[in-house]
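Thank you all for coming; I would like to walk through a few places in this structure, slowly enough that anyone new to the structure can follow along on the screen.

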There are 2 protein chains.
Amino acid sequence: MDTDGLLPALSALNRAAREASRRMARASTAARNAALHALARRLRAAPEALQAANAQDLAAAAHLDAPLRARLVLDAATLATLAEGCEQIAALLDPVGAMTNLQRRPSGIQVGQMRVPLGLFGMVFESRPNVSIEAASLAIKSGNACILRGGSEALHSNRALIQLVQEALREAQLPEAAVQLIDTPDRAAVGWLCRADIDLLIPRGGKGLIERVSAEATVPVLKHLDGNCHCYVDAHADLAQALTVVDNAKTQKVSPCNATESLLVHRAVAAEFLPRLAALWAAKGVTFHACPDSLPLLQRVTTAAVPATEADWGTEYLSLDISVKLVDDLDAAIAHINQHGSHHTDAILTTHHPSAMRFLREVDSASVMVNASTRFADGFEYGLGAEIGISTDKLHARGPVGLEGLTTYKWVVLGEGQVRT
Amino acid sequence: MDTDGLLPALSALNRAAREASRRMARASTAARNAALHALARRLRAAPEALQAANAQDLAAAAHLDAPLRARLVLDAATLATLAEGCEQIAALLDPVGAMTNLQRRPSGIQVGQMRVPLGLFGMVFESRPNVSIEAASLAIKSGNACILRGGSEALHSNRALIQLVQEALREAQLPEAAVQLIDTPDRAAVGWLCRADIDLLIPRGGKGLIERVSAEATVPVLKHLDGNCHCYVDAHADLAQALTVVDNAKTQKVSPCNATESLLVHRAVAAEFLPRLAALWAAKGVTFHACPDSLPLLQRVTTAAVPATEADWGTEYLSLDISVKLVDDLDAAIAHINQHGSHHTDAILTTHHPSAMRFLREVDSASVMVNASTRFADGFEYGLGAEIGISTDKLHARGPVGLEGLTTYKWVVLGEGQVRT
């Protein structure tokens with residue numbers, strides 16, 4: 001597809017997807033689950049065409065780093081995991097159709113709400129072809145249609161995967177246009193999606209992508225910006241417990257967005273807490289970026305402590321680095337987090353109930369925690385059963401987003417001939 | 001304020017409002033209600049400065065039509081109604097702070113959700129200065145800050161009203177920057193709001209305003225487009241009841257967005273239903289814009305029936321006009337509504353349960369009704385207690401939007417030292 005032919009082709013794809021979204025919205029639970037099982041069977045079979053397509057992407061990626069290449073691989077184990085994911089999603093409760101809060105009003109009408117699919121969503125993602133299947137399976141389960149736009153380095157793999165999805169939809173007598181791939185590496189397609197006839201756009205990828213979409217999109221966007229997560233060790237913390245939780249929050253895995261990037265410590269416990277933490281982390285290779293007051297406490301124990309710059313307070317390291325700052329009180333901790341954080345996930349370590357409650361209320365983040373590792377901010381840990389992403393936006397869906405984030409509600413009014421007076 | 005000085009001034013206002021939003025979010029229920037009562041007292045007192053400001057706007061509006069001028073008037077009766085509105089909002093349950101669905105997960109953490117204010121919203125509105133008070137009182141109750149931008153023809157009145165709001169906030173020891181007015185007729189201010197540091201933008205006004213905001217805004221928008229509402233009289237309708245409901249839906253009041261603009265009638269009952277309706281409406285002066293099949297049925301009874309053009313199916317008349325079309329079945333009715341409607345409010349008149357349920361599920365509108373007048377689509381009729389607007393968007397809030405639409409949730413995690421394994 002050349003750029004000249006791109007827009008008409010995308011418009012046609014959009015119309016077909018919108019039409020398919022109507023059929024998906026009224027499809028039975030059984031049909032949608034049948035499509036997911038059909039997809040799982042096809043993935044497990046690892047058809048030759050899929051393997052060949054993946055080999056083609058891998059050959060073209062010979063110049064890339066090993067980790068980037070590894071993310072492209074669709075071997076038997078990866079496909080089995082994807083198949084299992086489809087089956088797990090099929091087993092979840094249908095999020096669509098529930099009618100709630102039906103109440104009789106003084107006029108005599110009954111008013112309630114019905115949960116319904118969003119309609120048609122778009123997703124732009126990079127590199128990992130797995131995301132095609134994750135997005136497609138969540139769309140099918142939630143009665144939506146979707147338009148996917150993957151990275152150019154996985155184009156052949158994505159094509160082959162979406163082929164399987166469309167076969168599975170056909171087998172379940174659902175419209176194959178319900179899951180479509182924008183089948184071109186042309187970056188103009190991303191700009192088009194930002195203004196397409198879709199109900200939601202979900203960008204998943206690097207900061208450049210998210211910022212481009214945020215600036216250009218006039219359709220609603222569900223976005224995930226930084227995960228600059230904090231742990232605050234309060235004056236009333238159980239320090240042994242705090243040590244365990246802070247250690248887990250930083251070092252259990254450093255690359256996820258819910259890993260802690262900044263540590264605030266109440267001045268009253270800093271001299272006791274920080275040397276213990278520094279001793280623990282000296283062995284693990286964690287580097288402290290420390291404020292002037294905490295630096296000497298750390299440097300007594302570890303060589304891996306350097307002065308923090310102003311930029312450190314806003315940095316998402318995604319590495320064995322952490323910024324450290326002493327604070328005078330809870331107010332200062334909350335103010336620092338609201339100013340420098342990314343409204344993702346922040347935790348307080350304390351045994352003092354009023355401080356815990358104030359932290360929960362006043363820290364303006366998608367997830368706020370007491371005495372638990374920030375690493376828990378995750379759709380599966382929260383019991384959502386599936387996760388389409390983590391939102392740092394405030395509207396519609398916040399934090400880990402599951403199937404319900406792909407639905408909305410409508411008002412339902414049941415009358416017996418009532419009129420307005 | 002000239003255009004050169006505008007942007008720095010707006011940035012300063014934005015920063016102050018954002019800071020105030022944090023204080024509002026942690027203010028007690030009692031303080032927010034006290035501010036509402038203080039505002040009600042000030043409005044009832046109808047201070048001279050306010051009367052003078054309103055007189056100034058009215059003098060400048062001498063060239064406007066009488067109905068437009070009438071909407072500007074802030075006399076004792078209008079102010080008393082506004083005061084009563086503030087007191088009613090004060091009496092509502094606090095929407096903020098509720099913690100729900102707290103459940104223990106296999107990891108041992110407890111996960112739930114807390115309802116919290118959105119933060120800072122913007123509202124652009126036209127003409128009626130009442131809207132200043134409605135928006136301010138809803139913002140105060142819901143723990144938000146807001147930036148208001150009213151029409152230039154009500155600038156002096158809005159200034160005086162917001163002065164009262166800020167006095168009331170001060171009296172309740174809340175930050176007066178929580179409710180601010182953009183104090184200039186410069187239209188560049190609307191463009192600025194479309195990209196300001198706000199959590200939600202609510203445009204209220206004519207189609208031109210809504211379309212401008214939709215095209216320019218990169219902040220989330222809660223918008224209300226057309227109200228092209230439908231009634232569908234099914235083959236299984238109780239025709240006497242249908243006559244009453246359709247009559248109310250069209251003629252009880254023609255200007256609101258929830259008035260019916262289009263009537264679909266099943267072919268099997270058209271010959272019986274339409275002449276009865278035409279006879280009823282001949283007396284009321286309703287003009288039918290009719291499809292070729294319905295036109296002769298109507299013209300037997302009324303002279304006020306003209307052929308419909310394609311444009312009629314998408315028209316929101318807001319007058320004593322209605323489009324009429326015969327349909328072959330429920331599928332055709334649903335398809336017509338989803339294609340030509342505005343996803344606002346649509347009703348089916350039927351005694352047939354399966355048809356009622358299919359209509360509820362498959363019509364993609366904010367409100368779907370069975371045997372009730374579309375005029376019920378209203379925050380007060382739905383029991384919301386207050387209404388900031390009616391949304392035809394699908395995300396965050398749909399249909400009538402009350403206080404809850406000005407809030408969001410955060411995830412709350414309560415642990416006892418749990419870590420992720």
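Predicted model: local features only at pLDDT ≥ 70, side-chain atom pairs only at ≥ 80, totals over all residues.

Arg18(A) counts as buried, because its relative accessibility is 13%, and the cut-off for calling a residue buried is under 20%. As for where to look, Arg18(A) belongs to helix 1 of chain A, which covers residues 3-26. Its side chain makes a polar contact, at 2.9 Å, with the side chain of Asp197(A). If we leave aside the neighbours within four places in sequence, the residues in contact with Arg18(A) are Gly119(A), Leu120(A), Asp197(A), Ile198(A) and Asp199(A).

Staying in chain A, let us turn to a loop residue. Asn258(A) sits in the loop between helix 10 (239-251) and strand 8 (260-266) of chain A, and with a relative accessibility of 3% it, too, counts as buried. Which backbone oxygen lies 2.9 Å from a polar atom of the Asn258(A) side chain? That oxygen belongs to Ala377(A). Again setting aside neighbours within four places in sequence, Asn258(A) is in contact with Cys229(A), His344(A), Thr374(A), Arg375(A), Ala377(A) and Asp378(A), and also with Arg420(B), a residue of chain B.

That brings us to chain B, and to two pairs of helices.

In the second pair, the axes of helix 3 (residues 48-60) and helix 7 (residues 155-171) of chain B come within 7 Å and cross at roughly 160°, so helix 3 of chain B and helix 7 of chain B are roughly antiparallel to each other. Their crossing is left-handed. The contact includes Ala49(B), Leu50(B) and Ala53(B) of helix 3 of chain B, together with Ala160(B), Leu161(B) and Leu164(B) of helix 7 of chain B, and by class it has seven nonpolar, four polar and one charged residues.

Definitions and conventions:
Residues numbered from 1 in each chain as written. Chains lettered and ligands numbered in written order. Heavy atoms only, no water. Helix = DSSP H or I, 4+ residues; strand = E, 2+ residues; numbered from the N terminus. Buried < 20%, exposed > 50% of the residue type's maximum accessible area, 1.4 Å probe, protein only. Polar contact = N/O pair within 3.5 Å; in protein donor to acceptor, adjacent residues only side chain to side chain. Contact = heavy atoms within 4.5 Å. Axes fitted to C-alpha atoms, helices over the stretch in contact; angles between N-to-C directions. Parallel < 35°, antiparallel > 145°, perpendicular 65-115°, else oblique. Left-handed = near helix turned anticlockwise from the far one by under 90°. Nonpolar A, V, L, I, M, F, W, Y, C, P; charged D, E, K, R; others polar.
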